[in-house]
Amino acid sequence: MQLTVEFGGGLELLCDSVKIHSVNVDVPNGEEKLTMGDFLMWVSKNLIKERPEMFIKGDTVRPGVLVLVNDCDWELTGQLETTLEEKDVVVFISTLHGG
């Protein structure tokens with residue numbers, strides 16, 4: 001499944017300062033669909049190069065990370081249960097700032 005992943009608000013620093021990634025993700029064996037929960041684990045293993053604790057906590061994103069799927073807040077679509085489809089765009093933006 002081809003997806004676009006974008007990182008902003010400083011999260012791009014966790015993946016070699018690359019903001020936009022075009023990726024191909026396989027649906028997990030035995031599954032009919034790819035959920036955001038599956039995709040988060042894939043992103044953590046395949047795109048995050050350093051300090052994964054700044055991106056993920058447990059099985060979800062850290063507090064302070066805004067997640068958009070096709071410009072819609074994932075809190076409105078089911079969070080970890082949100083189903084992804086071919087050509088979807090997933091955006092991760094940190095809302096936390098140093099100071």
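## Strands β1 and β2

Glu6 has Ile20 as its bridge partner in β2. This pairing is one entry point into a predicted model. β1 and β2 run antiparallel, and five bridges join them.

On another strand, β9, Thr4 is bridged to Val89.

## Strand β6 and its partners

β6 pairs with β9 in the antiparallel sense, over five bridges. Val67 stands opposite Phe92 of β9. Leu68 stands opposite Val91 of β9.

β6 also pairs with β7, antiparallel and over two bridges. Val69 has Cys72 as its bridge partner in β7. The two strands form a hairpin with two residues between them. In the turn, Asn70 has a positive phi of about 55°.

How many of the five residues of β6 are buried? Four are, so the strand is largely enclosed by the rest of the structure.

## Leu66, a closer look

Leu66 lies in β6. Is Leu66 buried or partly exposed? Its relative accessibility is 28%, so Leu66 counts as partly exposed.

Leaving aside neighbours within four places, it is in contact with Asp73, Val91, Phe92, Ile93 and Thr95. Its C-alpha atom is 6.2 Å from that of Ser94, a residue 28 places away along the chain.

## The nonpolar core

The largest nonpolar core has 25 residues. Which members touch the most others? They are Phe7, Met36, Phe39, Phe55 and Phe92. The largest share, four residues, comes from α1.

Phe39 shows how these parts meet. Residues up to four places away in sequence are not counted here. On that basis, Phe39 touches Leu3, Val5, Val23, Val25, Leu34, Leu84, Val90 and Phe92.

## One side of helix α1

Which residues of α1 are buried? They are Met36, Gly37, Phe39, Leu40, Val43 and Ser44. Why do they fall on the same side of α1? They cover an arc of only 160° around the axis, which puts them there.

An α-helix has 3.6 residues a turn, so residues three or four places apart point the same way.

## Thr60 in strand β5

Thr60 sits in β5, residues 60–61. It is partly exposed, with a relative accessible area of 25%.

Leu40 of α1 is buried. Thr60 and Leu40 are 20 residues apart along the chain, yet their C-alpha atoms are separated by 7.1 Å. Thr60 is in contact with Leu40, Phe55, Trp74 and Leu80, leaving aside neighbours within four places in sequence. Phe55 is also among the core residues that touch the most other members.

## Salt bridge and cysteines

The model has one salt bridge. It links Glu53 and Arg51, with the closest N and O atoms 4.0 Å apart. Are the two partners buried or partly exposed? Glu53 is partly exposed, with a relative accessible area of 42%. Arg51 is partly exposed too, at 47%.

The count of disulfides is zero. Cys15 is buried, with a relative accessible area of 2%. Cys72 is partly exposed, at 26% relative accessibility. As noted above, Cys72 is the β7 bridge partner of Val69.

How values were computed: Residues are numbered from 1 along each chain as its sequence is written. This is a predicted model: local features need pLDDT of at least 70, side-chain atom pairs count only at pLDDT 80 or more; totals for chains, interfaces and linings use all residues. Side-chain values use heavy atoms; hydrogens and water are left out. A nonpolar core is a set of buried Ala, Val, Leu, Ile, Met, Phe, Trp, Tyr and Cys residues joined through side-chain atoms within 4.5 Å. Buried means under 20% relative accessible area, exposed over 50%, partly exposed in between (1.4 Å probe, protein chains only). Contact means heavy atoms within 4.5 Å. Two strands pair if DSSP finds at least two bridges between them. The arc is that of the directions from the helix axis to the C-beta atoms. A salt bridge is a side-chain nitrogen of Lys or Arg within 4 Å of a carboxyl oxygen of Asp or Glu. A disulfide is a pair of cysteine sulfur atoms within 2.5 Å.
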